[in-house]
Amino acid sequence: MRSLLLAAALFAVPAALHAETQHLSISVADYPLDKFLETLSQQTKANFIVAEGVQDRRVSLSFKNAPVKEVLDQLRQSKGLSYQELGPNLYLLANKPLSLDGARALDGYAVFGATLTIRARQAPLQGLFDQIGGQTKTNFSLAEGLEGSRATLLLKKVTARQAVQVLCAIKGLTVNITGSGSFIVRPVNPAPAAGARRLPDSRPLVVRDTPNPGQVDIAAGERFLIELPGNLKSPYEWVVAEIDPGMVSVGQTIMTAKKGDPDGYATWVFPFQALKPGGTSVLLEYRNAREKEAPIKTFKLAVTVSEGAAAAAAAAEPEQKAPPMKADPQGIFTGYRGVSLSLPGHQLAFLKKGDHVDVMVTFDAKLADNRKEKVTATILQNVRIVDISKPAKGEERGTIQILLNPNEAQYAALSDAQGDLHVALRAPGDVEMHPMEMASFRKLFR
């Protein structure tokens, strides 16, 4: 037997009031959960969202003059459900608490405060995001593999951000910035299967900004990248806060941005390499490099490193070791580039071929208020000098040639064109890489 009795006149209140202040008299028996909550929504003017895998459950409840939260608590106890309050008059019910961080990339965008209503059942996911984008004058694209996804969304008078937050929660998605007013929707990264391996020439594993990045299972010698969204026009930047240099090494940070983007949105890319078997973690922080304040965002990734396939094969068959990589007569290895930099003679006075140096660039950085500030950044660490040409006089300029991979070569050329280069000599045997914040006089004398 199915029955539903909802007293329509029971404490009818204006929609502006919170659902938790309203009281209901309810009697239902063997009634579909999603239909029950839809009727409850009509009576309370609240939004009740049911996650996938829950909507087909049936409920039997009886209450008289009960507050809404008491009804939800009873659902949680009798059906083993979880409910989360996303905002005034907005509740999400699921089998277990869901991540509500999928829409973090929208924080700070005033346009996503716009109010909208969406009522769609099993609609294409792209169509739902297009509807939100149409209201906010933004653009959402779906990552590969989401093209055929559908969702049910019954929302009334919620903010656009809340609508995106709900979609991300019920579908296991996260939103990342790709440009000015443009976003990409991706599945939350599942942790790679334990013991997973890649061929030596395969692309490195990429871990992107997600609410729950989980962990990376990787072999010693393999590489992985962490990509995090940020804004070049803000005073904040991503930095490596914690790392075990004996377990994992970090290379030069890369920042990519869409050319001509007036809003300054960019992606910080951190390249890492697993060094030896064991367990560790990597912590990155999005902080104001000019002020001593707590980071506004953090990203922590657990890393499990297993013995590399190449190392295991070498141990089993030592005679099969590949021949060592050889440099050409100029000292340049296959896959690398010899990059020449022009420097003042006094910087070259104590350098010689074979030395390792760090390369810095000093340039005028544009601040958020359009003022300029002189800053110095370390762009390359522990690079080898393969040749050097010193001038006859210290006030003249000379040249060094350093060994870089193709990506590092591009940044060296860009820095040479944009600012003044400096090199710092490393002690013999010092090969550690350190996260470096940009230096400025304001930071020095604050």
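Predicted model: local features only at pLDDT ≥ 70, side-chain atom pairs only at ≥ 80, totals over all residues.

Trainee: What is the mean pLDDT of the protein?

Mentor: The mean is 76, and 78% of the residues reach 70 or more; pLDDT is the predictor's confidence in each residue, from 0 to 100.

Trainee: Where is confidence lowest, and where is it highest?

Mentor: Strand β1 (residues 3-6) has the lowest confidence, with a mean of 36, and strand β25 (residues 420-425) the highest, at 93. Helices (H or I, at least four residues) and strands (E, at least two) are DSSP runs, numbered from the N terminus. Residues 1-17 have pLDDT below 50, and this stretch has 33 contacts (heavy atoms within 4.5 Å) beyond near neighbours in sequence.

Trainee: Now the core: how many residues are in the largest nonpolar one?

Mentor: The largest nonpolar core has 40 residues. Such a core is a set of buried Ala, Val, Leu, Ile, Met, Phe, Trp, Tyr and Cys residues joined through side-chain atoms within 4.5 Å. Buried means under 20% relative accessible area, exposed over 50%, and partly exposed in between, with a 1.4 Å probe and protein chains only.

Trainee: Which element gives the most to this core?

Mentor: That is α4, with eight residues. Among the residues with the most contacts inside the core are Phe 129 and Ile 132. Beyond four places in sequence, Ile 132 touches residues including Leu 116, Phe 140 and Val 164.

Trainee: Changing topic, how many salt bridges does the structure hold?

Mentor: The structure holds five, a salt bridge being a side-chain nitrogen of Lys or Arg within 4 Å of a carboxyl oxygen of Asp or Glu. In one of them, Arg 58 pairs with Asp 30, with the closest N and O atoms 2.9 Å apart. Arg 58 is in strand β4 and Asp 30 in strand β2, 28 residues apart.

Trainee: And Arg 287 and Glu 285: are they buried or exposed?

Mentor: Both Arg 287 and Glu 285 are buried, and their side chains meet in a salt bridge at 2.5 Å, N to O.

Notes:
Residues numbered from 1 in each chain as written. Heavy atoms only, no water.
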